[in-house]
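The sequence and the structure are shown first.

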Amino acid sequence: MSESQSAEQELLKKLLKPLLEDFQYWFSRSRSLLENEGITFLTEEQQSDLLARVKQAQQEVSTAAMLFEATGGQVGVETATLMPWHCLLSECWKVGMRWRSMAAHRQSSEAPKDN
């Protein structure tokens with residue numbers, strides 16, 4: 001293996017492995033929210049569709065991570081594959097932020113008022 005190939009492989013390990021771990025973490029959190037909470041600003045169909053897309057992305061990320069590990073970090077992931085995951089996570093983050101904001105608003109409006 002040439003020195004440049006070794007450097008590229010090391011860069012892949014330093015960047016791709018943590019990136020795949022981040023995708024797995026955030027998709028897991030998104031999945032948990034979508035499976036356990038009723039997101040009132042989404043229809044049941046929209047929530048179900050988003051959950052299905054998250055599950056599919058989780059499988060894809062897991063497959064990419066397994067291939068990366070099985071090859072000793074010698075394979076990468078095309079940007080064309082990463083971008084849809086990133087876009088899906090952005091969508092999930094927006095849903096999560098809105099859901100948390102609405103939950104916080106509900107809690108503050110339900111809190112007892114001091115007179």
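Predicted model: local features only at pLDDT ≥ 70, side-chain atom pairs only at ≥ 80, totals over all residues.

**Overall fold**

The protein chain contains three helices and zero strands, and its pattern along the sequence reads α-α-α. For a compact globule of 115 residues, a radius of gyration near 13 Å would apply, whereas the protein chain has 19 Å. Among contacts between residues at least 6 apart in sequence, 77% join residues that are at least 24 apart. Further values for the protein chain are collected below.

| Property of the protein chain | Value |
|---|---|
| Span of the C-alpha trace along its principal axes | about 75 × 35 × 20 Å |
| Buried share of the 115 residues | 27% |
| Accessible surface | about 8100 Å² |
| Share of that surface belonging to carbon and sulfur atoms | 53% |
| Distance between the mean positions of the positive and negative charges | 5 Å |

The charges in question number 12 positive and 16 negative.

**Helix H3**

Which residues of H3 are buried? They are Leu82, Trp85, Leu88, Leu89, Cys92, Val95, Gly96, Trp99 and Ala103. In general, an α-helix has 3.6 residues a turn, so residues three or four places apart point the same way.

**Gln58 in helix H2**

Gln58 lies in helix H2, which covers residues 44–70. Is Gln58 buried or exposed? The relative accessibility of Gln58 is 16%, and because the limit for a buried residue is under 20%, Gln58 counts as buried.

Leaving aside residues up to four places away in sequence, Gln58 touches Phe27, Ser28 and Arg31. How far apart in space are Gln58 and Ser28? Their C-alpha atoms are 7.7 Å apart, although 30 residues separate Gln58 and Ser28 in sequence.

Technical notes:
Residues numbered from 1 in each chain as written. Heavy atoms only, no water. Helix = DSSP H or I, 4+ residues; strand = E, 2+ residues; numbered from the N terminus. Rg over C-alpha atoms; globule rule 2.2 N^0.38 Å. Buried < 20%, exposed > 50% of the residue type's maximum accessible area, 1.4 Å probe, protein only. Contact = heavy atoms within 4.5 Å. Areas by Shrake-Rupley, 256 points an atom, 1.4 Å probe, with all protein chains shown as cover. Lys, Arg positive; Asp, Glu negative; His and termini not counted. Charge placed at Lys NZ, Arg CZ, Asp CG, Glu CD.
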